[in-house]
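Dear colleague,

Please find below the structure I am handing over to you, together with its sequence. My findings follow directly after it.

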Amino acid sequence: KQLSHIKTSSPIHDICVSSESSIALAAYNEVKVVSMNGEAMTTIGKHEEWIYCACKLSGDTIATGGKDKKIFIWDLSGRQIISQLTGHSNWVQGIVQIGEDLIASYACGAEVIIWNWRTATKLQTIDIQCCAAGGYHKGIDFDCRRGLAIGMKDGSIRIYPDPLNSTHQFTQLPKHGSNYIYGLQFVSEDILASLDNNERTLVIWDLNQRKPIH
């Protein structure tokens, strides 16, 4: 059943659970925290421009990225920015946690950067055409057994088993559909789901066979 109905005055681009009792919203350029019952909504801060992605880290800490090419690390309980990560050359459209202290973020048509978010340190940059320019793409996901999956601009998918390895070795799934990977999600160690929004198609991949199941 529906527990609550929450309405904002700005478009919501992403959400993440911030605690057992609240959810963080990326609404236009603002970060908002709302209770699960929908009774209270608080704006805790903002980016300079649109926020495209949000990712829960640990406790009441989240990361957000957006059109201003920046990543902010937020302490939601203290309602403040802990640190700011800069180094992307284009819009930040996806953030995923890949370790206790590590996140991977990707910029529109540019690069993926691996960070230690606690120390605000850039650890590795993977220069790839990782998504099509424009739009709201979430073509990145991580599985601790498989590695970091990234949707490429040509419609293929790369999986980096060790994204911190400077050789940037990867396995590649072939293009299937159009050139736009809008979303990726590991279903299990052996199964990956990808979304081709242009063709309105959800593709389920067998990672051992490197081909679609259906």
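In this predicted model, the side chains of strand E7 are divided between two directions: Lys-70, Phe-72 and Trp-74 point one way, while Ile-71, Ile-73 and Asp-75 point the other way. Buried here stands for a relative accessible area under 20%.

Strand E7 has been examined together with two partners. With strand E6 (residues 61-66), E7 runs antiparallel and is joined by five bridges. Within this pairing, Trp-74 of E7 has Ile-62 opposite. The hairpin of E6 and E7 has three residues between the strands, and Lys-69 takes a positive phi near 70 degrees there.

With strand E8 (residues 80-86), E7 pairs in the antiparallel sense over six bridges. In this case Gln-84 in E8 is the residue opposite Phe-72. E7 and E8 also form a hairpin, with four residues between them, and Arg-79 in its turn has a positive phi of about 55 degrees.

Four strands make up an open sheet in the order E9-E10-E11-E12, with antiparallel pairing. Strand E9 (92-97) and strand E12 (121-127) are at the edges and have a single partner strand each, so one side of each is left without a neighbour in the sheet. On average, neighbouring strands of this sheet are turned by 20 degrees against each other, with direction ignored. Inside the sheet, the antiparallel strands E10 (residues 102-107) and E11 (residues 111-116) are joined by five bridges. Ser-105, for instance, has Ile-113 in E11 as its bridge partner.

Finally, some values for the protein chain as a whole. The chain contains 20 strands and zero helices. Of its 214 residues, 50% are buried. Among contacts with a separation of 6 or more, 37% are between residues 24 or more positions apart. The accessible surface comes to about 10300 Å², and carbon and sulfur atoms account for 46% of that surface.

With kind regards

Notes
Residues numbered from 1 in each chain as written. Predicted model: local features only at pLDDT ≥ 70, side-chain atom pairs only at ≥ 80, totals over all residues. Heavy atoms only, no water. Pairing = 2+ DSSP bridges. Axes fitted to C-alpha atoms, helices over the stretch in contact; angles between N-to-C directions. Buried < 20%, exposed > 50% of the residue type's maximum accessible area, 1.4 Å probe, protein only. Contact = heavy atoms within 4.5 Å. Areas by Shrake-Rupley, 256 points an atom, 1.4 Å probe, with all protein chains shown as cover.
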